[in-house]
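Have a look at the sequence and the structure first, and then we can walk through some details together.

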Amino acid sequence: MSQSSPFFSIARVHAGAGGRTAAAALLLGRPIAQLPHSIHGLRCFSSARVTPAKTLQSHLSLPHATLSSFPDAEDGSNAKASDTKAGEEQIGECEMSEMAKAFHISPRMAMSISVMIAFAALTIPLAMRSLVCHGTFKMNAVAYFTLLSGFYMAWNIGANDVANAMGTSVGSGALTLRQAVVTAAVLEFSGAFLMGTHVTSTMQKGILVASVFQGKDSLLFAGLISSLAAAGTWLQVASSYGWPVSTTHCIVGAMVGFGLVYGGVNAVFWSSLARVSSSWVISPLMGAAVSFLVYKCIRRFVYSAPNPGQAAAAAAPIAVFAGVTAISFAAFPLSKVFSIAILQAVSSGAIGAIIVSRVIQKQLGDLLSSEAEKIASADKSNVQQAGLLSDIAGPTGAQLQIVYSVFGYMQVLSACFMSFAHGGNDVSNAIGPLAAALSILQGVASSAEIVIPTEVLAWGGFGIVAGLTMWGYRVIATIGKKITELTPTRGFAAEFAAASVVLFASKLGLPVSATHTLVGAVMGVGFARGLNRVRAETVREIVASWLVTIPVGAVLSIFYTLILTKILAYLM
């Protein structure tokens, strides 16, 4: 992490700097993140100037400024607020103004970005080999429509599913929204392109019985495209309201609807559907339980330590080693020899731990030494002795800044790993049905497995990045601040717990959803602070969206298939 990182900068800020920055932001009518560098004055003093009198509110002045980048948050303007609100009510300008406010860019710039993405989405398929190899104009038109359907699904995956990995980092203030989107865009595309699976099953997720559709290529093609369109439609609706829903459940629901109507009851693997549905309960409960324990451990072993800052700095390499090792072993393609794969994963974890330890010492070494000297000469009679579930008061002053700096860095690192892994794993939700549909057009769909061309993987990665850029901020806002208030320690606990549950459950074959697990993990850290710290209204909306995902996907798929089969009867 660079010297300009919000949490390493705040660890050096003077006791009055937060108040002066907030006052300057108020007078200038601008968000704190946009103030000139000279007004912040965050990096020009020694650690000796940090005073214990600094309050928690002033510690968090910079993260709160980051949260104001969401479209529904206060942006610091006074006289122009009513005019801005009135202008946004115009239907044609609302979406662009929200995107502009989210990223602190002009509406014209937001419009330009959207137009460029739309232009690229419409023109890039014209140069792809998957399109030009079909010969006749009608078949090329069908292939072009197929590629656009895959892009539409990938776009909505980016707008909804990808936002989960970065939501907690933005909510806690570890990253600004713009930093999160740029980081996730690079890592998601890299993961999708470099590590995306090159082989996929014709019948996604083992939901449909392949033999039922043997010799019905045209119908199967219509079902695959309709499933993409149906899942994409529901994801777009959910994203517009900021609901984090499961992409996998969208695809499953769409294919179940198609299979029931056009293949009969025997066309669906009902046991697979039951396993997927059970994740509505298993995923959030497991996520909440693990995040509850992780956050309580942080409070017990870090907050109650004689030197919380030093305890956090010591715990960071251990947590990074465990996390990087687990993610490397579970999500990345290592050696097929088990012992070598373990060695590779452990080596990756060790490298990550060494890097984190050195960065922390370089960035916070002076402050850690200064605080250690103070604690050594101070009265130790008030050191907290508490159990794991006890209510422990957190550190204050410079100690709180050090703890937040350390966990903010770890949270960003874990989010980066999960984004990269997500790009490689979940891009198949869009690219799998797309590759299967293209193989039908090319007449090579007889085998159970379909090879995915590299250009199609890149196409899916581009769609994910486009959706994240244009609409990702909506779900990021829900995950980051609408369920419960997040700080770096809470955000790290939620993200670490969610990643651990998803990776180990996947290895054990348990039916979990990454989206549901993360939402449960965020709720878990809220419950660790008290039942009233979780916003019940937001949770009810999210759970309701989960329950209707499969039925809505099924109904939309049936509707789209009915229309598409009639169109294909003319074209194919």
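Let's start with Thr515, which is buried, with a relative accessible area of 1% (buried means under 20%, exposed over 50%, partly exposed in between, with a 1.4 Å probe and protein chains only). Thr515 sits in helix α22 (residues 514–527); helices are DSSP runs of H or I with at least four residues, numbered from the N terminus.

This is a predicted model, in which local features need pLDDT of at least 70 and side-chain atom pairs count only at pLDDT 80 or more, while totals for chains, interfaces and linings use all residues. Residues are numbered from 1 along each chain as its sequence is written, and side-chain values use heavy atoms, leaving out hydrogens and water.

| Partner of the Thr515 side chain | Distance |
|---|---|
| Asp161, side chain | 2.7 Å |

Beyond its neighbours within four places in sequence, Thr515 is in contact (heavy atoms within 4.5 Å) with Asp161, Asn164, Pro244, Val245 and Ser246.

Now for Val261, which belongs to helix α14 (residues 247–263). Val261 counts as partly exposed because its relative accessibility is 47%.

Finally, a word on confidence: pLDDT, the predictor's confidence in each residue, runs from 0 to 100. The protein has a mean pLDDT of 76, and 74% of its residues reach 70 or more.

How values were computed. Helix = DSSP H or I, 4+ residues; strand = E, 2+ residues; numbered from the N terminus. Polar contact = N/O pair within 3.5 Å; in protein donor to acceptor, adjacent residues only side chain to side chain.
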